[in-house]
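Me: Please go through this model with me, one question at a time. I would like the cut-offs stated along the way.

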Amino acid sequence: MEPTDHCATTPNAVTHLLEFLRRYTRERLDSRRMDERRAYPTSFIPDLAAEGLFGLQIPKSHLGMGLSNTDALRVMTQLGAIDANLLILTAVHNTLGVPPIQGFAQPAVRDAVLPELAQGRRLVTSAISEPGMGSHVRAISTRAVKQPDGSYVINGGKQWISLGADAAYVNVFARLIDERGQDAGITGFVVDTSTPGYIGGPEVLTLGLKVVPQNSLTFDNLRVPAESLLGAEGQGLLAAKTAFTKGRVNLAAGAQGAMMRSLELALRFTQRREVATGNLAENGRIHQILADSVAATQAVGALVRHIGARLDAGEKVADPLYFVAKILGCELGFEVVDRCVQLLGARGYVDTNVVAQHFRDYRLFRIFEGSTEAITVYLGTTFLAAPGRFMELVGQFDAAPQVHDLAERVDKLTTLATAGAQQRHVLANVVGELACWSILAALTSEIANRSEMHPHTAAWCERQLRERLRSAESGMPFVDLPTVDEVANHITGYQSLIGDIDQRRPGEQNELDPLLRR
């Protein structure tokens, strides 16, 4: 059922914050310049800190704003509409960085660190991904060896760490080796980055989100005290899950903001543009694209609000809902931005027209915190292992009978037999995707009468589910595939057609001359 919004935040607090962001955007922000320079302006972080942007859900007792989940997500949507760099800076600190400390740090550490983070005097992030693994936390190879005095020595490396070289604190997750030399499980530590042995690597030059640095990190005999533990030894997965879980719904909230802003610009253009068939906005096909894009935006927003309201009501939110937010929120977000690039024609390809930068920036959301393909297969695998769980989840929504009928057909796919591991992965992907659309269709069906647009949104989501289900039932996903070696050999053969074209021209020399080094 759809929960009632419970908001612990006074309306004035979040209203003031949203008004500040809009005014700041109009008067002080220059996204184009930040993108070109790959840097924030000098006053940027102090300005945001003064308004509480770095302590959104830190309690007031620790100098934070204490926002409800619903209001914090409203802020993320606003940030997403303004600039993805602003969104990710704020989300990384508030979502990946703060919750593990707030929920798992030792009381003395929590009380000392949270006020610094809330006031923006220090930034925080989490270091999970490694060169050999991404969001697969159980594959972590960084090691923390417990010492006789109770401290820990950490060795290893991390990669793709947002703010990794800028943060004053980093939540590091490592595989603990106990006093007996035994693997004691994944363990989390809050690390002061000024500690000897913490080495920040170079910034990766990314396609988009150029302002938020992505760094590699190296830990070279990094010694941290016993009080740096996040939770108990071997329980680091709980703290890591807290960061990932909240991060997924924040990405969806930010993507919703980008969808709204992109559609706003697309509508302005289509209403003013005359083509051979007349006004562009009144062209039937353009009208259809805009209407369906609005449906996608409204559906993502409904899911974000649903999760926020349930959290604020003190209810448990099932893990699959966070995966749906990540998968469909980010996929639909980029799809709508891409459509708006197309609707703007040549203007959509001009980098100064906002939507083009959205196109570059929000492309990463389909990869952030687990690629769509990886987590869709994971989600589908959980339903294949426990088929009844899917119908229990869908049954929580008061959806139209036809939506429940479609969901039951999806549930039947979980009993299909597969020939091997690869087809099992394909089936898991199909089931995972259909599960996402079933949940979104059920949710939008439940609230179909809330506004003039809601019936169209509910019908659109149901149609997406029906069409994808028809394809799955026809057996299309289970066609025979060439072997892995056959595919690899064919691709390798491309070199005979395009030649060796790896670029080897020397680049700029940035390192200190050898004769001048220490």
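Reply: A charge sits over a ring if NZ of Lys or CZ of Arg is within 6 Å of the ring centre and within 35 degrees of the ring normal. This is a predicted model, in which local features need pLDDT of at least 70 and side-chain atom pairs count only at pLDDT 80 or more, while totals for chains, interfaces and linings use all residues. Residues are numbered from 1 along each chain as its sequence is written, and side-chain values use heavy atoms, leaving out hydrogens and water.

Me: At what distance from the ring centre of F334 does R363 lie?

Reply: R363 lies over the face of F334. The distance to the ring centre is 5.6 Å.

Me: How many aromatic pairs does a search of the whole structure find?

Reply: Rings of Phe, Tyr and Trp (its six-membered ring) pair if their centres lie within 6.5 Å; planes under 30 degrees apart are stacked, over 60 edge-to-face and the rest tilted. Searched over the whole structure, the number of aromatic pairs is 11.

Me: What is the geometry of F323 and Y378, and how many residues apart are they?

Reply: The rings of F323 and Y378 are 5.6 Å apart centre to centre with 45° between the planes, a tilted pair. The pair links distant parts of the chain, with F323 in helix 9 (residues 319–343) and Y378 in helix 11 (residues 372–385); helices are DSSP runs of H or I with at least four residues, strands are E runs of at least two, and both are numbered from the N terminus.

Me: Is F323 buried or exposed?

Reply: Buried means under 20% relative accessible area, exposed over 50%, and partly exposed in between (1.4 Å probe, protein chains only). Y378 has 48% and is therefore partly exposed. F323 has a relative accessibility of 11%, which means that it is buried.

Me: Which kind of pair do the rings of F383 and F390 form?

Reply: F383 is buried at 0% relative accessibility, and F390 is buried at 1%. Their ring centres are 5.5 Å apart. The planes meet at 70°, so the pair is edge-to-face.

Me: Which residues does F44 contact, leaving aside its neighbours within four places in sequence?

Reply: Ring pairs link F44 into a cluster with F20, Y24 and Y40. Contact means heavy atoms within 4.5 Å. Leaving aside the sequence neighbours, the partners of F44 are Y24, L29, M34, L86 and L89.

Me: Where is L440, and which residues does it touch?

Reply: L440 is in helix 14 and is buried, with a relative accessible area of 1%. L440 and A299 are 141 residues apart in sequence but 7.0 Å apart in space, C-alpha to C-alpha. Not counting residues up to four places away in sequence, L440 touches A299, L303, L328, L332 and C461.

Me: At what angle do helix 11 and helix 14 pack?

Reply: Axes are lines fitted to C-alpha atoms, for helices over the stretch in contact, and angles run from 0 to 180 degrees between N-to-C directions. Residues of helix 11 including V377, G380 and F383 meet residues of helix 14 including L427, V431 and A435. The axes of helix 11 and helix 14 (residues 421–446) are 7 Å apart, and the angle is about 90°.

Me: What is the C-alpha to C-alpha distance in space between Q235 and T187?

Reply: Q235 lies in the loop between strand 8 (229–230) and helix 7 (236–272). Its relative accessible area is 38%, so Q235 is partly exposed. Q235 and T187 are 48 residues apart in sequence, and their C-alpha separation is 5.7 Å.

Me: How far apart in space are L230 and N215?

Reply: L230 lies in strand 8 and is buried at 0% relative accessibility. Among its contacts beyond four places in sequence are P100, F104, F173 and F189. L230 and N215 are 15 residues apart in sequence, and from C-alpha to C-alpha the distance is 23 Å.

Me: What is the phi of R38?

Reply: R38 is in the loop between helix 2 (31–37) and helix 3 (44–50), and is partly exposed at 24%. Most residues other than glycine have a negative phi. The phi of R38 is positive, near 55°.

Me: Where is N221 found?

Reply: N221 also has a positive phi, near 50°, in a residue other than glycine. It is found in strand 7 (residues 214–224).
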